[in-house]
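User: I have a model open and would like to go through it chain by chain. Can you take me through it?

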Amino acid sequence: MTEAYLDIRDLSVALQHSGDRLLRRVSLAVRPGEVHALVGESGAGKSMIARAVFGILPKAVTILEGQVTIEGADLNGMSEAARRLFIGKRAAFIPQDPLTALNPSKRIADQISDRLIHILGMPKAKAHERAAALLEEVKIADPERVMRLYPHELSGGMRQRVLIAAAFAGEPRLIVADEPTTALDVTVQRQILALIAGMQARHGTALLFITHNLGVVAKLCQTASVLYAGKVVEQTSVRRLFADPRHAYTRALMAATPRYDRPEESLKPASPELMGELAREVAETDALWAKERAHG
Amino acid sequence: MAEARVIRVKAGPRLWLSGLWLTFFALAAIFAPLIVPHDPLAQDLMLGKLPPAWVAGHEPGYLLGTDSLGRDVLSRLISAARPALFVAIGAGLAACILGSVLGLIAGFFGGWTDRVISRIVDIWMAFPPVLLSILLVAFLNPSLQSVIIAIAIIDWTRFCRVVRAETMQQRRMDYVESARAMGLSSIATLAREVLPNVLPAIIVLLSLEMGIAVIVEAILSYVNLSVSTDQATWGSMIAEGRGIIYQAWWVLVFPMIALFLTVLAFSQFGEGLKERFDPVLR
Amino acid sequence: MADALFKVEDLHLSLPDLARKPLFGTAPRITILKGLSFTVPEGAITGIVGESGSGKTSLGRTLIRLLTPDAGRIIFAGRDIAGLDDEALRPLRRDLQIIFQDPFSSLNPRKTVGAIIASPLLLHKVATAGGEARDLALEALTQVGLPASFAARYPHELSGGQRQRVGIARAVALKPRFILADEIVSGLDVSSQAQILALLMELRARMNFTMAFISHDLSVVRRLCDRVIVMRKGEIVEDADTVTLFDKPQHAYTRLLRDSIPLPEVSDGWLQDA
């Protein structure tokens with residue numbers, strides 16, 4: 001098995017003022033060429049993990065323990081400037097909302113080439129050429145015309161393609177995608193997923209894919225971490241996850257997911273007993289850790 | 001069922017310090033005739049330009065000294081709080097009601113109503129405000145009522161613009177559509193659903209406007225266009241003090257401090273309210 | 001199914017395009033609905049499905065006459081309501097309820113949950129006094145599975161799923177003949193989504209209202225709806241009972257929509273087919 005490119009070990013973060021934990025000893029690894037799903041519902045801490053990878057946690061949040069390593073280098077040990085440069089050359093981000101993620105007053109060409117010029121120090125003409133090639137790679141017809149447009153002149157699916165092109169622009173070895181297809185129509189979602197999968201495979205990128213949609217996990221990803229209340233409750237290959245879900249929460253998520261092929265077995269709400277059980281489990285581990293910390 | 005909770009104030013220092021000063025100011029204005037140590041109009045040329053109590057040459061009983069005509073500065077300061085408060089409330093409320101009603105209508109109904117009101121606001125705001133108020137008061141004859149009318153006529157646009165923008169934002173919310181689906185009339189929707197959500201912004205603006213009104217009144221009485229000379233105002237005191245600043249600085253300085261603190265308190269009170277309202281609003 | 005509650009004939013709708021409005025004069029109009037005809041059977045749940053820009057939301061709003069159609073007839077309970085003005089619609093509003101997509105903007109942030117549910121009751125004189133309205137509001141809260149103590153809370157103190165329950169309570173409290181549910185689960189997590197849909201099915205069994213359920217998600221519609229209308233660009237592509245629509249879709253677009261949904265099971269090649 002190849003070595004992990006992104007390696008998160010025992011990462012716990014908490015709100016500074018209350019001490020409430022948002023992530024509870026999260027460990028996960030993404031290898032080159034692998035798509036790893038981070039599955040969970042809102043508030044589970046999915047985006048917090050993405051922020052921790054890029055070192056952009058909110059000010060009110062502190063890291064209690066654990067480390068994030070990329071290419072074997074511990075990010076916490078670096079100064080902020082060094083970390084930014086280190087990450088900028090190795091990792092990129094695809095956000096959920098394709099409209100707010102693009103600068104409304106910049107042409108598409110500049111949105112892509114700026115990254116190449118500033119981070120990789122590419123000369124302007126070459127960056128422009130590369131931007132056109134990238135737009136072609138994300139299957140945008142007539143890239144020269146699209147490069148002169150502004151974001152508001154594109155449809156949602158087109159914008160997401162531009163963001164994917166921008167993410168792959170610097171040949172990053174790691175990409176973190178945060179629900180990149182949630183805001184799209186299903187037919188467009190399928191095209192975008194196919195595009196991401198194809199580019200990821202061609203470039204051999206390690207991809208951490210954040211989603212709440214189990215269908216997307218099944219179709220796109222090879223390994224998965226199921227997150228509940230900032231805790232990884234199940235971590236396995238996607239094949240095993242769907243063939244034999246081990247954790248009660250995973251099974252509850254699957255039962256609640258709508259399926260048009262088996263309507264009677266789908267959309268089953270989780271029982272209050274299960275939710276109570278899960279909450280108790282989290283409270284117990286928190287209490288245990290609090291005791292450990294108190295004893296040094 | 002409880003009506004909308006409009007104010008949920010957890011007072012921060014900004015809010016209670018400014019609130020304290022404003023309460024003090026309002027009490028001084030209301031009870032001025034009862035608490036002034038001297039008649040604010042009584043002249044005694046023998047006691048002219050007496051310095052405040054902590055400066056050599058003072059007379060007992062004149063805490064902040066006297067002006068060139070021998071009138072007690074402290075008494076004049078307190079009695080001048082009256083017209084200031086009167087203008088703050090009168091002009092503030094008048095501008096607020098006029099501007100807010102037009103702003104609500106423009107923002108809620110949109111279309112040509114909005115276009116007409118917005119154009120009027122644009123034109124209105126192109127006039128230099130102080131010049132316009134001087135012209136207006138001169139035309140209406142100098143008096144406190146004229147000052148209030150002038151301020152209201154000039155400053156309603158502040159309310160109108162902000163309230164219009166807030167209303168337009170609320171108008172897009174589904175709860176407004178829901179009121180329509182319920183069968184509520186437009187006016188009732190505006191009053192019962194939208195207004196409570198715009199009210200915090202109005203209250204904050206009102207507080208700021210009251211401070212502005214106090215300043216404008218001071219400017220107008222500085223150029224002698226406010227009340228008649230037999231009522232002390234901070235503006236007229238500043239005007240008198242300016243001429244004798246080298247002989248009796250206190251005649252100028254104390255009304256300036258009173259004016260400064262009051263206007264600052266109004267604006268800080270408004271800012272404090274805004275901080276309190278914001279988490280509820282968004 | 002029984003008789004039609006709604007009978008819609010040749011419905012046309014256009015809206016002003018404010019983005020392209022010139023400085024002076026009126027905005028050009030965009031055609032939204034291009035002559036739709038269909039019926040909504042009484043006592044059933046009709047799904048209206050389409051992607052963004054299909055006109056499904058506008059169709060819903062036109063049915064309950066929040067929008068006025070350019071032409072066509074909307075016969076509700078035997079009466080054409082397409083051309084009625086606000087005044088004439090007011091008495092009908094009680095029977096035409098709506099539940100909104102965004103539970104964060106559909107509840108007035110400055111009113112308590114109790115007041116939100118009670119105000120339509122008082123307006124339509126279903127309850128004549130405050131006490132009576134309170135009792136009915138509490139009853140509606142219980143029906144949607146919220147504790148009575150929630151009546152005193154404000155919307156921002158509630159989770160998304162709880163707010164959506166309040167939206168449902170507001171609609172069902174009036175015991176209307178028709179409820180329009182506009183994308184009411186699309187902003188929710190899968191577990192709240194499942195709960196809300198289970199609640200709708202339970203309420204329908206108990207109260208027997210007619211519902212139009214607007215959604216972009218065919219898989220949600222499969223479980224809940226008795227029949228489905230598929231829309232695309234302001235036109236009806238397919239209109240069939242749910243089982244037929246999923247098992248033997250007649251139109252290629254319906255098939256495309258169905259097959260674009262990623263099923264939660266591993267299958268290689270799904271992405272390659274795109």
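Analyst: One term to begin with: two residues are in contact if their C-beta atoms, placed from the backbone, lie within 7 Å. By that rule no contact joins chain A and chain B, and their closest C-alpha atoms lie 17 Å apart. This is a predicted model, in which local features need pLDDT of at least 70 and side-chain atom pairs count only at pLDDT 80 or more, while totals for chains, interfaces and linings use all residues. Residues are numbered from 1 along each chain as its sequence is written, and chains are lettered from A and ligands numbered from 1 in the order in which they are written.

User: Which of the two pairs of chains that touch has the most contacts?

Analyst: Chains A and C have the most. There, 35 residues of chain A are in contact with 30 residues of chain C.

User: Which helices of chain A supply at least two residues each to that side?

Analyst: They are H7 (186-203), H8 (214-220), H9 (238-243) and H10 (248-256) of chain A. H7(A) gives the most, with eight residues. Helices here are DSSP runs of H or I with at least four residues, strands are runs of E with at least two, and both are numbered from the N terminus.

User: And what is the make-up of that side by class?

Analyst: The side of chain A that touches chain C has 19 nonpolar, eight polar and eight charged residues. Ala, Val, Leu, Ile, Met, Phe, Trp, Tyr, Cys and Pro count as nonpolar, Asp, Glu, Lys and Arg as charged, and the others, Gly among them, as polar.

User: Now the other contact, B with C. How many residues of each chain are in contact?

Analyst: 17 residues of chain B are in contact with 24 residues of chain C. The elements of chain B that give two or more residues to this side are H7 (174-182) and H8 (186-222). H7(B) gives the most, with seven residues. By class, this side of chain B divides into nine nonpolar, three polar and five charged residues.

User: Is H7(B) mostly covered or mostly open?

Analyst: H7(B) is mostly covered, with seven of its nine residues buried. Buried means that 20 or more other C-beta atoms lie within 10 Å of the residue's own, with C-beta atoms placed from the backbone. Among the buried ones are Tyr175(B), Val176(B) and Met182(B).

User: What do those buried residues of H7(B) pack against?

Analyst: They pack against H6 (144-171) and H8 of chain B, and against strand E6 (96-99) and helix H3 (113-123) of chain C. Just after H7(B), Gly183(B) takes a positive phi of about 105 degrees.

User: Switching to sheets. What is the strand order in the four-stranded one of chain C?

Analyst: The order is E2-E1-E4-E5, an open sheet with antiparallel pairing. Two strands pair if DSSP finds at least two bridges between them. E2 (29-41) and E5 (79-80) of chain C are the edge strands, each pairing on one side only. E1(C), residues 4-16, and E4(C), residues 71-76, are joined by five bridges. Val8(C) has Ile74(C) in E4(C) as its bridge partner.

User: Which strands does H1 of chain C lie across?

Analyst: H1(C), residues 56-63, lies across E1, E2 and E4 of chain C, at about 65 degrees to E2(C). Axes are lines fitted to C-alpha atoms, for helices over the stretch in contact, and angles run from 0 to 180 degrees between N-to-C directions.

User: And the six-stranded sheet of chain A, what is its order?

Analyst: The order is E6-E7-E8-E3-E9-E10, open, with mixed pairing. E6(A) and E7(A), residues 174-178, run parallel and are joined by four bridges. In E7(A), Ala177(A) is the bridge partner of Ile94(A).

Conventions: A residue is buried if 20 or more other C-beta atoms lie within 10 Å of its own, exposed if 12 or fewer, and partly exposed in between; C-beta atoms are placed from the backbone.
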